Amino acid sequence: MSSDLSEIEKHDDSHPELNAHTDALLPDPGMHEHHWRPTDVDPKAEKRAERQVSLFFGLSALCSVLFVVAYFTVEPGYDGDVLAGYGASNLALGASLGFALLFLGIGVIQWARKLVVDIEMSEERHPASPAPATREVALAELKAALNESGMARRPFIRNAMIGSAALLGLPAIVMLKDLGQTNAQITEEQPYPGAGLEHTVWDAGVRVVRDVVGTPIRPGDLEVGDLVNAEPATIFDGSLHGAPLQIAKSKAATILLRMDPNDITNDVTRNWSVNGIVAYSKICTHVGCPISLNERTTHHLLCPCHQSTFDLADHGKVIFGPAGRHLPQLPLGVDADGFLVALSDYPEPVGVSYWERNTYDIDEIFDEWSEDHAADAEQYGYKEGGQ
């Protein structure tokens, strides 16, 4: 036993006592040995890297130009040019713009990897808010970094990068053409009935029909409190197809509401009604949501998106919510067969406001409508004061 204890004591004496404040700390490993890049030591490799970077910037600029060429020369659309079974326009535009960005990115990365000065530094952490002297040092180091990046010493690749990046703006500018014509141009040309933002396919004598089924409506079909989603009969007569049909249907969406005529509080609303039946655009004037939540006893129509509320008994005025203007009202009449018809198009643009649009008071709108349409509307039973 004694021999065993002596061995333990001998073992313990072989290790010096540890100092917790010094010996327990790991030694500073220092920086790894720095390996210079070929471009740092070989002028030929440096020149070769400059040519490579400039080549990538040049390819990027070329692809930007090819994008513009393809935009104007390759025919898009259903009957456009085809390449490998795909739309040639999409392929050409996507490939040219994609490679323009790719080559520009590769050029910048290669520049940073091969030509920017390669210096390894380490420093102790410092407080987040530096002293003024430290800021001055940081600015000086930033200026030095700009010099070390080679921007001043290598004007060719610098200008190549700037040029390729600038040419990338060309596709963005060219694609603005796809925004299409202005509303004034569309309205003037009228490529199909109701084109543009100012008009719909509603017109004098166009019957009001139920949405989806397309059946015409007589005043007697509606009871007080009934709310009906309606469209113009033009939507169902086969005169419009494709995109023009969908656009016309979306803009012409209308709601019919029958109320007690004595509940109508606005003279304009009364003039454009038939036996207490009023018609308003279904498109909220805030952001264009479809409206159909009706408070039967108050004649208030609520938008489900942002709770804008309109009073249908008083020219559709806004009584609550973010909407900035009243709902446009569609003037109603009755044709010779007893069906509800429109007396004209909506007297003002439907939907949300836009920069070309003028906003008028409801009385001004009515006065202008009376000058243009009142005489022709008499054949459909119109008379000032209500029908």
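On a 1 Å grid over the protein atoms alone, a cavity is a set of points where a 1.4 Å probe fits but cannot get out, and its lining residues have an atom within 4 Å of a point. Grid points are joined across faces, edges and corners, and a volume is the space filled by probe spheres set on the points.

A note for all views: this is a predicted model, in which local features need pLDDT of at least 70, side-chain atom pairs count only at pLDDT 80 or more, and totals for chains, interfaces and linings use all residues. Residues are numbered from 1 along each chain as its sequence is written, and side-chain values use heavy atoms, without hydrogens or water.

View 1. The structure has one cavity of 30 Å³ or more. The largest cavity has a volume of about 40 Å³, and its lining includes His199, Lys251, Asp345 and Tyr346.

**View 2. Serine 96 in helix α4.** Here is serine 96, part of helix α4, residues 88-114 (a DSSP run of H or I, at least four residues). Serine 96 is buried at 7% relative accessible area (buried means under 20%, with a 1.4 Å probe and protein chains only). A polar atom of its side chain lies 3.1 Å from the backbone oxygen of leucine 93. Beyond neighbours within four places in sequence, serine 96 is in contact with Cys63, Leu66 and Phe67 (heavy atoms within 4.5 Å).

**View 3. Strands β4 and β5.** Strands β4 (residues 227-232) and β5 (residues 254-258) run antiparallel and are joined by four bridges (strands are DSSP runs of E, at least two residues; two strands pair if DSSP finds at least two bridges between them). Valine 228 has leucine 256 in β5 as its bridge partner.

Notes: Buried means under 20% relative accessible area, exposed over 50%, partly exposed in between (1.4 Å probe, protein chains only). A polar contact is a pair of N or O atoms within 3.5 Å; within protein, one must be able to donate a hydrogen and the other to accept it, and residues adjacent in sequence count only if both atoms are side-chain atoms. On a 1 Å grid over the protein atoms alone, a cavity is a set of points where a 1.4 Å probe fits but cannot get out, and a pocket is an open set with protein on both sides within 12 Å along at least five of seven lines; lining residues have an atom within 4 Å of a point.
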